[in-house]
Amino acid sequence: MADTQQVDQKAERKVARLAKQIDAFAKAHGGAEGQVANIGERGARIVLVGEDGGWGDLVAPSYELAEKAVAKAGITVHEDFDGEFAAKVKTGPYEWKRMAGIQIGG
């Protein structure tokens with residue numbers, strides 16, 4: 001039983017840490033919305049998009065912990081990274097150069 005409590009405490013600390021990072025992102029970008037995606041054995045990716053168009057992501061050890069973190073942070077969560085949500089992302093020269101580099105093998 002002690003092992004279960006230790007695992008639960010560790011998970012709760014991870015959720016609190018992720019929620020704190022989400023909060024910090026939201027404050028820095030005038031608010032935020034997100035989307036949680038399963039990435040297999042590695043866990044879940046939390047994609048964040050700020051009101052100013054800035055974006056970033058975090059990785060949680062599981063989908064369940066990611067969902068708890070976004071709920072604790074109180075942000076709007078989208079089911080999909082659909083066109084309307086994706087259109088809020090503002091990309092700059094770095095992203096365009098990076099995407100072009102990937103396409104041409106760079």
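Visitor: Which residues form a negative surface patch?

Guide: In this predicted model, local features need pLDDT of at least 70, side-chain atom pairs count only at pLDDT 80 or more, and totals for chains, interfaces and linings use all residues. Residues are numbered from 1 along each chain as its sequence is written, and side-chain values use heavy atoms, with hydrogens and water left out. A patch of this kind joins like charges within 9 Å, taking residues with over 30% relative accessible area and no salt bridge, where Asp and Glu count as negative and the place of a charge is CG of Asp or CD of Glu. The negative surface patch is formed by Glu67, Glu79, Asp80, Asp82 and Glu84.

Visitor: Is Glu84 buried or exposed?

Guide: Glu84 has its place in helix α3, residues 83–86, a helix being a DSSP run of H or I with at least four residues. Buried means under 20% relative accessible area, exposed over 50%, and partly exposed in between, using a 1.4 Å probe and protein chains only. Because its relative accessibility is 66%, Glu84 counts as exposed.

Visitor: How many residues apart in sequence are the parts that Lys68 and Glu12 tie together?

Guide: The side chains of Lys68 and Glu12 meet in a salt bridge at 3.9 Å, N to O, which is a side-chain nitrogen of Lys or Arg within 4 Å of a carboxyl oxygen of Asp or Glu. Lys68 lies in helix α2 (residues 63–73) and Glu12 in helix α1 (residues 2–28), so the parts that the pair ties together are apart in sequence by 56 residues.

Visitor: Which residues are linked with Glu64 in a network of salt bridges?

Guide: Lys68 is partly exposed, with a relative accessible area of 35%, and Glu12 also counts as partly exposed, at 42%. The network of salt bridges links Glu64 with Glu12 and Lys68.

Visitor: What is the relative accessible area of Glu33?

Guide: Glu33 forms a salt bridge with Lys88, and the closest N and O atoms are 2.6 Å apart. Lys88 is partly exposed, with a relative accessible area of 35%. Glu33, by contrast, is buried, with a relative accessible area of 9%.

Visitor: In which strand does Asp57 lie?

Guide: The side chains of Arg45 and Asp57 meet in a salt bridge, 2.6 Å from N to O. This pair links distant parts of the chain, twelve residues apart, with Arg45 in strand β2 (residues 44–50). A strand is a DSSP run of E with at least two residues, and Asp57 lies in strand β3, residues 55–60.

How values were computed:
Patches are made of residues with over 30% relative accessible area and no salt bridge: like charges are joined within 9 Å, nonpolar side chains (Val, Leu, Ile, Met, Phe, Trp, Tyr) within 5 Å. Accessible areas come from the Shrake-Rupley method with a 1.4 Å probe; for residues, only the protein chains shown count as cover.
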